[in-house]
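Please keep the sequence and the coordinates at hand while reading.

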Amino acid sequence: MAKETATYQQLQRIIAQPGCPLCGLVQQAASTYLDTLLWESSTDFNLQAMLTASLGFCGRHSRQLLTFGGQRLAAAVVERTTLLAAIRRLPELTDTAEPPPVRFRLGRRKFGTQTQPDAAILPDSIQPCPACLREAAETARGTETLLKHLDEFSGPLRAAGGLCLPHFIQTTRAAPAPQRAVLLAIQQAVWQDLAGHLEEFIRKHMDHHHTDPISDPARLSVERTIAALTGEVPVR
Ligand SMILES: [Zn+2]
Ligand SMILES: [Zn+2]
């Protein structure tokens, strides 16, 4: 219950900003998770077991570890734990080396994350990235909360620019028909607006003699379209 309330309050705050609110929620969850983990890294034996099982984090989250100011030493401790575990597990990983069923696993990414292209070639004995799992859990909670409070959130969602394509698909899959229709209408409207802004951007750039200035939404339209189609990526 407490977690559900926390997710609701966070969503309420994030959805007031431009950009996919589920991306915002998930990024915040991953960032808090990694930051906390770095603070506790030297003493936590569960963490050591987890890092041994997953052999650390995916490429995206490993690099994110290095973005927390003043935490480079803790990141080094995490990476040392991971590397030593990897060295210990090397013989086992060599023994179990087998050609992965590439077609199946490439087509269906584990846990619905947007990352881990390498997951396709990792054996099952290596557990998924713990931060990706944390993101997947937060996505599920965020999706549920958004749908539960869609009456309240549909206006702010429209103003925020709707969901990104991956989160739109995930959310509509979980939604009953009436809510699916609401989400579809919002998404169509915001993407039509976005297409109009792209149109303005292209038209004014092709016409070197245009006199009226390019509007802010048009100026940002290429970046916003990439975010809409692929998800928000934090700019560091
Ligand atoms: Zn998103
Ligand atoms: Zn990850």
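Q: In which loop is Phe68 found?
A: This is a predicted model, in which local features need pLDDT of at least 70 and side-chain atom pairs count only at pLDDT 80 or more, while totals for chains, interfaces and linings use all residues. Residues are numbered from 1 along each chain as its sequence is written, and chains are lettered from A and ligands numbered from 1 in the order in which they are written. With helices taken as DSSP runs of H or I of at least four residues, strands as runs of E of at least two, and both numbered from the N terminus, Phe68 is placed in the loop between helix H4 (59-65) and helix H5 (72-95).

Q: Why does Phe68 count as partly exposed?
A: A residue is buried if 20 or more other C-beta atoms, placed from the backbone, lie within 10 Å of its own, exposed if 12 or fewer do, and partly exposed in between. Phe68 counts as partly exposed because its number of C-beta neighbours inside 10 Å is 16.

Q: Which residues is Phe68 in contact with, leaving aside its neighbours within four places in sequence?
A: Two residues are in contact if their C-beta atoms, placed from the backbone, lie within 7 Å. Phe68 is also 8.9 Å from Leu34, C-alpha to C-alpha, across 34 residues of sequence. Once neighbours within four places are set aside, the contacts of Phe68 are with Asp35 and Leu38.

Q: How many helices and how many strands are there in the chain?
A: Read along the sequence, the pattern of the chain is α-α-α-α-α-α-α-α-α-α-α-α. The count for the chain is therefore 12 helices and zero strands.

Q: What percentage of the contacts in the chain with a separation of 6 or more do residues 24 or more positions apart account for?
A: The chain has 236 residues, of which 26% count as buried. Among contacts with a separation of 6 or more, the share from residues 24 or more positions apart is 72%.

Q: Is Val26 buried or exposed?
A: Val26 has its place in helix H2, and beyond four places in sequence it touches Glu135, Glu138, Thr139 and Gly142. Val26 and Arg141, 115 residues apart in sequence, are 9.8 Å apart from C-alpha to C-alpha. Because Val26 has 25 C-beta neighbours inside 10 Å, it counts as buried.

Q: How far apart in space are Ala160 and Pro18, C-alpha to C-alpha?
A: Ala160 lies in helix H8 and counts as buried, with 20 C-beta neighbours inside 10 Å. Not counting residues up to four places away in sequence, Ala160 touches Ile15, Gln17, Pro18, Gly19 and Pro21. Ala160 and Pro18 are 142 residues apart in sequence, and their C-alpha distance is 4.1 Å.

Q: At roughly what angle do the axes of H10 and H12 cross?
A: Axes are lines fitted to C-alpha atoms, for helices over the stretch in contact, and angles run from 0 to 180 degrees between N-to-C directions. In the contact, Trp191, Leu194, His197, Leu198 and Phe201 of H10 meet Ser221, Val222, Arg224, Thr225 and Ala228 of H12. The axes of helix H10 (residues 177-206) and helix H12 (residues 221-230) come within 9 Å and cross at roughly 145°.

Q: Which element of the chain has the lowest mean pLDDT?
A: pLDDT is the predictor's confidence in each residue, from 0 to 100, and its mean over the chain is 87, with 86% of residues reaching 70 or more. Over residues 103-116 the pLDDT is below 50. Where pLDDT is low, the predicted coordinates should not be read in detail. Among the elements, H8 has the highest mean pLDDT (97), and the lowest (45) belongs to helix H6 (residues 102-107).
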